[in-house]
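Please show how the features of a protein model may be read, one at a time.

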Amino acid sequence: MKLRTALLAASAAMAMLAGGVQAKTLVYCSEGSPEGFDPAPYTAGTTFDASARTIYSRLVEFAPGSTSIQPGLADSWTISPDGLEYTFKLHPGVKFQTTDYFTPTRTMNADDVIFSFDRQGNAKNPFNQYVPGVSYEYFTSMGLDKTIKSIEKGDDRTVKFTLSAPNAPFLADLGMDFASIVSKEYADKLMADGKAADFNNQPIGTGPFTFVAYQKDAVIRYKANPDYFGAKPKIDDLVFAITTDAAVRAQKLRAGECQVMPYPAPADIESLKSDPNLTVMEQAGLNVAYLAYNTLQKPFDDVRVRKALNMAIDKKAIIDAVFQGTGVVAKNPIPPTMWSYNDAVPEDTYDPEAAKKILADAGVKDLHMKIWAMPVQRPYMPNARRTAELMQADLAKVGVTAEIVSYEWGEYLKKSTAMDRDGAVILGWTGDNGDPDNFMNVLLSCQSAGEGGSNRAHWCNKDFSDLLSKAAETSDVAERTKLYEQAQVIFHDQAPWLAIDHSTVFMPMSKKVSGYVMNPLGTHAFDKVDIAE
């Protein structure tokens, strides 16, 4: 009731601010709290929805509902014939947001672009560690710290990136959330005032919505940015009502307490579809869920053990019980909807008796392990706790004792990167740019296998990583496809994960909502959304 009261009070205040005319307010029942409001250090879609897709903009953007690149803060760009130089011409007169805690004195320029990337890859940049221990997981896991050789300013509106080698996904990478452009002027002011940490909780960007306030784990408030360089949002105010329970989100949607909700429980989908006041959009997800073994720790460093555990877990039973018709069993680290998917790779075999024999042959007895279960719903995993329980029961049948552990979402993501992490972690991925590199390179390459990287298996296979490097260095799609297909064979043979599922994504919303477009990349944007009075 407290949250509902707060939302009603916020709406009333907004109406008064609008001069007595009711402001258009959209309430989004988000599934979790953001880790912060600086997109660069994070990888979670929950965080990006609350930061990158509301407050910030990027040099290039993905067209709504597509993985195609279109101009963003850059009006145009040229690529040198050798694929090593990308020169961007910036949109003139773009203003950073004005708030009660910062008033910009200049428009966005090349200095901001250079700062936005340099702080992630340059340890000497004063803002590289503006919060002690901060890491830039995407930037380093994708190898951009090595790929970007230099970034140079031509003039205020011209920026040139020089790469150390050709990189086919590079342009699409710049449309991703971590590549959001931030204000160097604002960062410099905070540093001078000794308030650098405020960069992550009092954000300033160039995006369609301006940050107003955040009540931790409860509500985030935004207002339409009056200085936005793109088409002005159709709604005046945007509210994220943080609601971690899928059933409660559905209740709020039916009651009109919010107008859009993500990630309904599979059991609720049919009833939501039958509600005459609601629309339920759906599309095949560009995603994968997985169980990542820590391959640095015994006995998970033995491929025989990993393959035995994979054989002990009945993935079909998980799909039936947890997804209830909204997912398919996975066998590869990329979804079947993505180009270069290798359908020739064999399915994992469910065979508990064979699993017991392999474990015995490997000398593994009385194995005790942990299964990490996510505390939130994600597009690729509606109920990680239930999934972990089913895995626990299956593993018990082959003599393995599994303990289920979990943490608050931000802590879960951070702790799960530790190289001494015990056991196996349930996580997943929704593609960020429509390229296989975004799955395999980020999640499984040697460069992302270190502390703080996105490779939760800490698996480093040189042959696998070499294939990915070769694929990134050619623009020939047919050749890239062959290389990624080979990489999927190595993944299957080495089994750093149990690939669990690929799911269908559903978005229920009020029929009063118009203009919402489902994003194959899994983020939620509201700049083109309208709501009927």
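The dialogue below takes up confidence, sheets, a loop residue and a helix.

Q: What is the mean pLDDT of the protein chain?

A: pLDDT is the predictor's confidence in each residue, on a scale from 0 to 100. Here the mean for the protein chain is 94, and 96% of its residues reach 70 or more. Over residues 1-20 the pLDDT is below 50, and this stretch has 24 contacts in the model beyond near neighbours in sequence; a contact means heavy atoms within 4.5 Å. The model is predicted: local features need pLDDT of at least 70, side-chain atom pairs count only at pLDDT 80 or more, and totals for chains, interfaces and linings use all residues. Residues are numbered from 1 along each chain as its sequence is written, and side-chain values use heavy atoms, with hydrogens and water left out.

Q: Which order do the strands take in the open sheet with mixed pairing?

A: Strands of a sheet pair through backbone hydrogen bonds, either parallel or antiparallel. Helices (H or I, at least four residues) and strands (E, at least two) are DSSP runs numbered from the N terminus, and two strands pair if DSSP finds at least two bridges between them. In this case four strands form an open sheet in the order 1-10-9-8. Strand 1 (25-28) and strand 8 are at the edges with a single partner strand each, so one side of each has no neighbour in the sheet. The twist from one strand to the next averages 20 degrees; axes are lines fitted to C-alpha atoms, for helices over the stretch in contact, and angles run from 0 to 180 degrees between N-to-C directions.

Q: How many bridges join strand 8 to strand 9?

A: Strand 8 (residues 209-215) and strand 9 (residues 219-224) run antiparallel and are joined by six bridges. Within this pair, Phe209 is opposite Ala224, and Thr210 is opposite Lys223. The two strands form a hairpin with three residues between them, and Asp217 in the turn has a positive phi of about 60 degrees. Strand 9 is also joined to strand 10 (residues 237-241), again antiparallel, by five bridges; there Lys223 faces Asp237.

Q: Is Phe102 buried or exposed?

A: Buried means under 20% relative accessible area, exposed over 50%, and partly exposed in between (1.4 Å probe, protein chains only). Phe102 has a relative accessible area of 4% and is therefore buried. This residue lies in the loop between strand 5 (85-90) and helix 3 (110-121). Beyond neighbours within four places in sequence, its contacts include Gln97, Tyr186 and Ile204.

Q: Which elements do the buried residues of helix 17 pack against?

A: An α-helix has 3.6 residues a turn, so residues three or four places apart point the same way. In helix 17 (residues 477-494) the buried residues include Arg480, Leu483, Tyr484, Ala487 and Phe491. The buried residues of this helix pack against helix 10 (303-312), helix 15 (437-444), helix 16 (462-472) and strand 17 (497-510). Helix 17 is followed by Ala495, whose phi is positive, near 50 degrees.
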